[in-house]
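Here's a quick walk through a model, with its sheet, its ring pairs and a couple of residues worth a look. Have the sequence open alongside.

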Amino acid sequence: MKNAAVLVLLGSLMTTPLSMARADQPGPDWMPMEQVKSKLLQSGYTQVTKLEADDGHWEGEGIKNGQKMEFHADPKTGVVISEKHDD
């Protein structure tokens, strides 16, 4: 009986699509995405092309000073905490 239960469990795990994997989600005390975009525009970004929750912060891409940039923003304040050119 135990073997049958294990096989059913393994079978259900193997058929679960990758898209069902849990994605990072903003925390309940995080600044909303639209407000973060506004902060980014105030800090010199002319365009935000990607913004998502990742590993405890906002992560994204955008255009600043005519160059494509990658950035991390504080989840509660929207302030850019790191950025680099996207080569």
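## Ground rules

This is a predicted model, so to speak of local features takes pLDDT of at least 70, and side-chain atom pairs count only at pLDDT 80 or more, while totals for chains, interfaces and linings use all residues. Residues are numbered from 1 along each chain as its sequence is written, and side-chain values use heavy atoms, with hydrogens and water left out.

## The sheet

Four strands make an open, antiparallel sheet, in the order β1-β2-β3-β4. Helices (H or I, at least four residues) and strands (E, at least two) are DSSP runs, numbered from the N terminus, and two strands pair if DSSP finds at least two bridges between them. β1 and β4 sit at the edges with a single partner strand each, so one side of each has no neighbour in the sheet. From one strand to the next, the twist averages 20 degrees.

β3 and β4 pair over five bridges, in the antiparallel sense, and M69 stands opposite H85 in β4. Over on the helix side, α2 packs on the sheet and touches β1, β2, β3 and β4 (contact means heavy atoms within 4.5 Å). The direction of α2 makes about 140 degrees with that of β1; axes are lines fitted to C-alpha atoms, for helices over the stretch in contact, and angles run from 0 to 180 degrees between N-to-C directions.

## Aromatic pairs

How many aromatic pairs does a search of the whole structure find? Two. Rings of Phe, Tyr and Trp (its six-membered ring) pair if their centres lie within 6.5 Å; planes under 30 degrees apart are stacked, over 60 edge-to-face, and the rest tilted. W30 and W58 are edge-to-face, at 5.3 Å centre to centre and 65 degrees between the planes. W30 lies in the loop between α1 (2-14) and α2 (33-42) and W58 in β2 (residues 57-64), so the pair ties together parts 28 residues apart in sequence. Both are buried (under 20% relative accessible area; exposed is over 50%, partly exposed in between; 1.4 Å probe, protein chains only).

The ring centres of Y45 and F71 are 5.2 Å apart with planes at 65 degrees, so this pair is edge-to-face. Y45 and F71 are both buried.

H57 is in strand β2 and is buried, with a relative accessible area of 14%. Not counting residues up to four places away in sequence, H57 touches W30, E52, H72, A73 and P75.

K84 lies in strand β4 (residues 80-85). Leaving aside neighbours within four places in sequence, K84 is in contact with K68, M69 and E70.
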